[in-house]
Amino acid sequence: PPDPELIPIIALKTFQRTFKYGISEHSPIAFIFLGIITGSAMGDVKARENLGRASLEMLARLDHPATEPAIIFTFYSLIQHWNQPLEEIKEPFMEAYRTATACGDLESAAWSIS
């Protein structure tokens with residue numbers, strides 16, 4: 001995994017490249033990380049929600065199942081839990097678990113059901 005101090009820089013560079021070159025399989029995670037950063041470090045709750053939703057929209061357009069579990073888990077555990085009770089967002093975690101196990105992504109599968 002990358003150095004935690006580099007994550008914001010990598011996310012920002014990927015965000016910029018998404019606007020310059022278009023959506024790639026790395027774009028959704030960059031948007032998720034920037035949403036977390038803007039929401040947590042800068043207190044911009046609306047930007048956090050918007051970047052998270054943009055990430056999910058990109059994910060739907062990409063049709064790249066290998067990245068889906070991590071994006072869904074991250075969105076619902078670090079962004080959406082501020083807006084909805086856990087009881088209401090259980091199904092996306094289960095969907096992430098099913099997709100992760102189908103792709104062989106055992107780490108995302110474990111996180112999704114923990």
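Tutor: Ala, Val, Leu, Ile, Met, Phe, Trp, Tyr, Cys and Pro count here as nonpolar, Asp, Glu, Lys and Arg as charged, and the others, Gly among them, as polar. The model is predicted, so local features need pLDDT of at least 70 and side-chain atom pairs pLDDT 80 or more, while totals for chains, interfaces and linings use all residues. Residues are numbered from 1 along each chain as its sequence is written, and side-chain values use heavy atoms, without hydrogens and water.

Student: How many residues of the lining of the second largest pocket are nonpolar?

Tutor: A pocket is an open set of points on a 1 Å grid over the protein atoms alone, where a 1.4 Å probe fits, with protein on both sides within 12 Å along at least five of seven lines; lining residues have an atom within 4 Å of a point. Two of the lining residues are polar and none is charged, and the nonpolar ones number eight.

Student: How are α1 and α2 oriented to each other?

Tutor: Helix α1 (residues 7-21) packs on helix α2 (residues 27-40) with axes, fitted to C-alpha atoms over the stretch in contact, 8 Å apart and at an angle of about 125 degrees. Residues in contact (heavy atoms within 4.5 Å) include Phe 15 of α1 and Phe 31 of α2. The contact divides into 11 nonpolar, three polar and no charged residues. Angles over 145 degrees count as roughly antiparallel, under 35 as roughly parallel, 65 to 115 as roughly perpendicular and the rest as oblique, so α1 and α2 are oblique.

Student: What is the orientation of α4 to α5?

Tutor: The axes of α4 and helix α5 (residues 90-103) come within 8 Å and cross at roughly 160 degrees. That makes α4 and α5 roughly antiparallel.

Student: Which element supplies the largest share of the lining of the largest pocket?

Tutor: The largest pocket has a volume of about 390 Å³. Its lining has 15 residues, with Ile 29, Ala 70, Thr 74, Glu 107 and Ser 108 nearest the centre. At least two lining residues come from each of α2, α4 (68-78) and α6 (106-113). The largest share, four residues, is that of α4.

Key
Axes fitted to C-alpha atoms, helices over the stretch in contact; angles between N-to-C directions. Points joined across faces, edges and corners; volume = space filled by probe spheres on them.
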